[in-house]
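My notebook is open, and I want to look up a few things here. I'll go topic by topic and keep it short.

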Amino acid sequence: MTKPLEGKLALVTGASKGIGAASAVALAEAGAHVVLTGRDVRALEAVEDRIHETGGQSTIAPVDLAESDGIARLASAIAGRWDKLDILVISAAYLPTLTPVTQIDGKQLSQAMTINVLATQALLANFDPLLKRADAGRVIGLTSSVGETPRAYWSAYGSTKAAFDNLLDSYAQEVEKISGVRVSIIDPGATRTAMRAKAYPGEDPQTVKPPEAVGERLVELLVNDFATRHRERIES
């Protein structure tokens, strides 16, 4: 069985469940050593068990992205063990309650800004040196269509995803001519996750694709490579 990502080190945020977990498993199956990060240690251990059962390699690194120095400590720990980072998948996200703009809960909006925007900037800032040390550092950020196209009741989430996209695209332009780092922004589309169920409680989950489909597509993109600033929506 071929391992096209063998020898690569990948970091996946939000790896404890949903698309993050599926992406981590898919990367490991393709040969990458995957660093799993998230808040739920038991859930991370379950993902690691899945990886190890198929002969993959992973390391658990529990981190709360909302902690002011959590990402810096994570970067320091990874740099102390490895000399580069080949792949960064930013999957962690927080979805506030869907509500009119006039009724947005301030605490939920602050949490969304922290996880979806501030943590993204901190990830790029802290892992930029390790990404640049790789022969071909790759960053994949998972976004949402509501970041590009505003939708009623989705503003608290959509506004943070618009900022998320802006940060990633700006970073891509800044490093394009001075390094081998490339950035892709991927909209996973309708996917069977707990976040999706929260937003669409009446939807039959069997009518949308499983998160494994997204993980498989991310591996395809990394194996076949992509032009920096590549954007794509993953359909069924």
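I start with a term: two strands pair if DSSP finds at least two bridges between them. Helices (H or I, at least four residues) and strands (E, at least two) are DSSP runs, numbered from the N terminus.

Before I go on, I note that this is a predicted model, where local features need pLDDT of at least 70 and side-chain atom pairs count only at pLDDT 80 or more, while totals for chains, interfaces and linings use all residues. Residues are numbered from 1 along each chain as its sequence is written, and side-chain values use heavy atoms, with hydrogens and water left out.

**Entry 1: strands**

I looked up strand β6 (residues 182-187). Strand β5 (residues 138-142) runs parallel to β6, and five bridges join them. One example I picked out is Val139, whose bridge partner in β6 is Val183. I also found four bridges between β6 and strand β7 (residues 230-233), again running parallel. There, Ser184 has His230 in β7 as its bridge partner.

Is β6 enclosed or open? I use these cut-offs: buried means under 20% relative accessible area, exposed means over 50%, and partly exposed is in between (1.4 Å probe, protein chains only). Five of the six residues of β6 are buried, so the strand is largely enclosed by the rest of the structure.

**Entry 2: salt bridges**

Side chains of opposite charge can pair when their charged atoms come close. A salt bridge is a side-chain nitrogen of Lys or Arg within 4 Å of a carboxyl oxygen of Asp or Glu. How many salt bridges does the structure hold? I note 15.

I looked at Glu212 and Arg50, whose side chains meet in a salt bridge (3.9 Å, N to O). This pair links distant parts of the chain, with Glu212 in helix α8 (residues 211-224) and Arg50 in helix α2, 162 residues apart. Glu212 is partly exposed at 36% relative accessibility, and Arg50 is partly exposed at 35%.

Next I checked Asp165 and Arg231, which form a salt bridge through their side chains (3.6 Å, N to O). Asp165 lies in helix α6 (residues 155-175) and Arg231 in strand β7, so this pair ties together parts that are 66 residues apart in sequence. Asp165 is buried at 7% relative accessibility, whereas Arg231 is partly exposed at 41%.

Then I found Arg229 and Asp169, with a salt bridge between their side chains (2.6 Å, N to O). Arg229 sits in the loop between α8 and β7 and Asp169 in helix α6, 60 residues apart, which makes this another link between distant parts of the chain. Arg229 is partly exposed at 41%, but Asp169 is buried at 13%. Salt bridges that share partners join Asp165, Asp169, Arg229 and Arg231 into one network.

**Entry 3: positive phi**

Tyr153 has a phi near 75°, which is positive in a residue other than glycine. I located Tyr153 in the loop between α5 (145-148) and α6, and it is exposed, with a relative accessible area of 52%.

Asp225 isn't a glycine either, yet it has a positive phi of about 70°. Asp225 is in the loop between α8 and β7 and is partly exposed, at 32% relative accessible area.
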